[in-house]
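Hello,

Here is the structure I said I would pass on. Please load it first and keep it open while you read the notes under it.

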Amino acid sequence: MGDIPAEITNIDVTETADFDNLHRPEGLLGELQKRAAALYGAEESFYLINGSTCGILSAISAAVPVGGHILMARNCHKSAYHAVYLRNLTVSYLYPPIMEEYDIYDAVTARQVCEELEKNKDISAVLIVSPTYEGRIANIREIAETVHEKGIPLIVDEAHGAHLGFEEHFAENSCRLGADIVIHSVHKTLPALTQTALLHVNGSRINRNLLRRFLNIYQSSSPSYVLMASIDDALEIVEKRGKELFCNFADSYLKMEAELSKCRRLKVVDVRDGHQDIGKLIISTKKTELSGQRLYDILVQKYHLQLEMAAGSYCLAMFTAGDYPEAYERIVCALLEIDGMLEGGELLEREYFSENRGLNERDMALEEVIPDRMDEIMRSGFLPEIPLAKAWDMNTELISLKDAAGRYAGEFVGLYPPGVPILAPGEIISNDIYRIIASYLRQGLTVQGIWRKKGLYEIRVLQ
């Protein structure tokens, strides 16, 4: 791999008197965290070098007692489910409404939160995702007011929103809208190294001493000064050049979107609806014969454009202030050309499809549809689900996916990215869930938690 650049090795130091200690910041790091808090409008901020994952784990652990009850969006990152497991929590889910035109989840609403809090009086905290992985933004102010009426904290996983609030076309960040804890992945939308993040806290609903305890538990005891320097560098760029960079970014993105409105078959989510984050380009293939994965493959193999992810009927491309004009020009040219071919009824060349991908590919391992056993199962007295904290410790076995109807999942199953579970341990595998998984597999999507062995797909279930 070659030598590590001297610029990195020169700052790869450990804790010394002059360099402060992340777990007890009293000097330089303490001042940098105060500067981060001022930049985002938080009362207190913490540098994270184990990514947003450790921030989510720490936030939930500090907000909800062992054995407590949390209300969280079903599209939360898997780290939230890990916290549920580690703290032996009861979890109730908020199911975001689906935008049927694009087959993506919208943001959760204050009404949903209110209804669930009325049903479950023992909930200790609420966790939502905004922006979602697809860029949908919730009404944080309204949700925070709803949650605070119950005297409990609101945690916002804003991992994809470290840029929010810094340009007029961006939504405001959740720190300034009433959230008690906000987690940002600095590396996702700002110029910082992978694994860097921030946690911000406001108000008195969170025990900050407890929060610090869990940050010490979930973060490395030897924090990387390279990563911390990267956070500092990114925030300095925002302070000194943010207005210019973000204005140019917004201008470039809106011009690109205007050009893509010329597409007749492909369709993109319009950021002008006020609830879509700039930078998350959703390209829907729903009105075409292409799957999201096929479009993803074509863009990589023919146009050398690497997108963020593919799903059943759409792709996601991510843009940030670090993208050059060429990136916008190339994706506009590529999508307009593909759209023109689709409109003209031209066949897209076979060479641009990865092997075994696409809805037209027959996969004999998925040909047999599982019988409709759910009515029989529910009549037999089976519990609708087993709590995650209990189920993940139970004995499991691998069985054929097509025989899994009515069994309890023994492992997480989901697309990666984004790391949002389709199934969590203890949830029942319904016919609908099977069909979703089978559809993803036929399209060649990366489904974690499913194995292929001797020509058969297998899934881990509870014994």
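Predicted model: local features only at pLDDT ≥ 70, side-chain atom pairs only at ≥ 80, totals over all residues.

Aromatic pairs

The count comes to twelve aromatic pairs. One of them joins Y81 and Y93: the ring centres are 6.0 Å apart and the planes meet at 35 degrees, so this pair is tilted. A stacked pair needs planes under 30 degrees apart and an edge-to-face pair needs over 60, so 35 degrees falls into the remaining class. Y81 belongs to helix α4 (residues 78–86) and Y93 to strand β3 (residues 90–94), so the pair ties together parts that are twelve residues apart in sequence. Both Y81 and Y93 are buried.

F166 and F246 also form an aromatic pair, and this one is stacked, with 6.0 Å from centre to centre and 10 degrees between the planes. The pair links distant parts of the chain, 80 residues apart: F166 is in the loop between β7 (154–157) and β8 (181–184), while F246 is in helix α9 (residues 225–260).

Charges over rings

A second case involves R460, whose charged end sits over the ring of W451 at 5.9 Å from the centre.

The three-stranded sheet

β16, β15 and β17 form an open sheet in that order, with antiparallel pairing. The edge strands β16 (420–423) and β17 (447–448) each pair on one side only. Which strand pairs with β17 over two bridges? It is β15 (residues 413–415), in the antiparallel sense. In β17, V447 is the bridge partner of L415.

Helix α14 (residues 431–442) lies across β15, β16 and β17. Relative to β16, helix α14 runs at about 120 degrees.

Regards

Notes
Residues numbered from 1 in each chain as written. Heavy atoms only, no water. Phe/Tyr/Trp six-rings, centres within 6.5 Å; stacked < 30°, edge-to-face > 60°. Helix = DSSP H or I, 4+ residues; strand = E, 2+ residues; numbered from the N terminus. Buried < 20%, exposed > 50% of the residue type's maximum accessible area, 1.4 Å probe, protein only. Lys NZ or Arg CZ within 6 Å of the ring centre and 35° of its normal. Pairing = 2+ DSSP bridges. Contact = heavy atoms within 4.5 Å. Axes fitted to C-alpha atoms, helices over the stretch in contact; angles between N-to-C directions.
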